[in-house]
Structures are given as structure tokens and as C-alpha cells.
Amino acid sequence: MKQESTAQNNPPALPPAQFPRVDVDPQALWIFGYGSLVWRPDFAYSDSRVGFVRGYSRRFWQGDTFHRGSDKMPGRVVTLLEDHEGCTWGVAYQVQGEQVSEALKYLNVREAVLGGYDTKEVTFYPQDTPDQPLKALAYVATPQNPGYLGPAPEEAIATQILACSGFSGHNLEYLLRLADFMQLCGPQAQDEHLTAIVDAVGTMLPCFCPTERALALV
Ligand SMILES: N[C@@H](CCC(=O)N[C@@H](CS)C(=O)NCC(=O)O)C(=O)O
């Protein structure tokens, strides 16, 4: 997983026997990302793990009028829905020392102030060591936040995503980067809601793309 190019993230490449064990800071914190944080954490971290949380399903039910939409045309981004049968894959990032306050300060603006997300403690299961779960902080948009859009048919969500863009880019980029991540996680990582929206986008995209004949008219 790509890390910020900071000294503590790239210790000198010494053979394990000589490389001093870096004591984990007791203040260390794991932050679980399951949407844009999966591909663009944009904060310094010391370690990262691909894995999943149980008891939640990911849904494109949060409106976004800044990063991937506007006030007139809010985009759709993801949140976590409590679902006893649910399992959501993402990335957990470990922050230590000064990284903790820096990350929380940054995410408070990006997620809470600009995005309407609240924080919630979740149990994260690393893909490689699911028998050693970690407590992690997740940013979740609840139905009580003003930007919450709630459920809609996947076709309607796809239409909204195709039509919206914001400060951080097009809403379609957000969808496809998340789909790319899920592909990398392998066949055990399934997200039917995400897949249905990507399929609906694939069906509609030709309608949004000018044909040679249409281009000849301009
Ligand atoms: N909290 C979720 C979702 C976060 C998310 O996608 N937030 C949006 C909307 S506030 C965001 O930061 N977007 C930045 C971008 O779209 O690049 C996560 O852990 O990834």
C-alpha cells in the first residue's frame, strides 16, 4: 500500500537482525478507510493493512456537495450501514506519535466538517491475520447528518454519480477507484451494492459518450 514519503514511513533498509525494533507508540491509533481514504488517505501513517470490518455494509447513501458534488448537484459517496450479516473491506492505517493529532485534525475537516461524518470505533480484521483483530476509528455518516441521502435504486445512484463532480474530482472517479481496490482484494471481497452500481454505470455510459456521428454535428 503506497505510503506518504516521510522519514518514519521509510526507515533505512537494514537487514532485520540489525534493524532496531521500532516500539509502537502506546498512543498509536488505527484509522479504517472504506471510501476515498482507501486510495487517498492524504495523512502521514506508519503502517497499513488491507482487511475488513464485520457487522457493516458499505452504501453510497451519503450526499456530497464539496468533494464529488455541488449544492445544486450533490454527488454520492459511501458510508457504513449497520448490518449483522455485513462485511466491508478497506484499509486500516496506523498513526503514531505526532501523526495521531495531525491525522485527526486533517480528517476532522475533510470528513466531519466538509463531509458530515461522525467517528465510530470498529473492529478491523487484517486480511493476513484475521485472528488478530485491531480496534480502529472509522468515519461514518449517520442518517442524522444533513447530507444523508439514504437508499435509492442502484440505477438512480449510478445516474447521479455520472452527472456529478466537485472539488476533488468527478464522482465517477470515486466509484471506479473504489471498484479497483475491491478487485485488488481478490474474490473473497464481494460488494454487491458497489458491483450493481458499476454495472449500471457501464450500461448507461454509452448514452453519456458522444458518438462519432454526434461529434460530426459539432
Ligand atoms: N469515511 C469513508 C468515506 C470517506 C469519503 O469518501 N469521504 C469523502 C466525502 S466527504 C471524501 O473525503 N472525499 C475525498 C475525495 O472524494 O477524494 C472512508 O473511510 O473512506
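Hi everyone, let's start with confidence: the mean pLDDT of this chain is 88, and 84% of its residues reach 70 or more. Two residues are in contact if their C-beta atoms, placed from the backbone, lie within 7 Å. Where pLDDT is low, the predicted coordinates should not be read in detail. The model also scores ipTM 0.95 and pTM 0.85.

Two housekeeping notes. This is a predicted model, where local features need pLDDT of at least 70, side-chain atom pairs count only at pLDDT 80 or more, and totals for chains, interfaces and linings use all residues. Residues are numbered from 1 along each chain as its sequence is written.

Now the layout. The chain has six helices and seven strands; these are DSSP runs numbered from the N terminus, with helices being H or I of at least four residues and strands E of at least two.

What about the inside? Of the 218 residues, 36% count as buried, meaning that 20 or more other C-beta atoms lie within 10 Å of their own; 12 or fewer is exposed, and in between is partly exposed. The largest nonpolar core has 47 residues, with Phe32 and Ile197 making the most contacts inside it. Such a core is a set of buried Ala, Val, Leu, Ile, Met, Phe, Trp, Tyr and Cys residues joined through C-beta atoms within 7 Å. Strand β3 gives the most to this core, nine residues.

Let's visit Phe32. Not counting residues up to four places away in sequence, Phe32 touches several residues, including Val53, Phe124 and Leu137. Leu137 itself is found in strand β5 (residues 134-140).

Finally, the ligand. Which residues are closest to the ligand? Of the 20 residues that surround the ligand, the closest are Gly35, Ser36, Leu37, Gly115 and Ser168; a residue belongs here if its C-beta atom, placed from the backbone, lies within 6 Å. Helix α1 gives the most to this shell, three residues.

Terms used:
pLDDT = per-residue confidence, 0-100.
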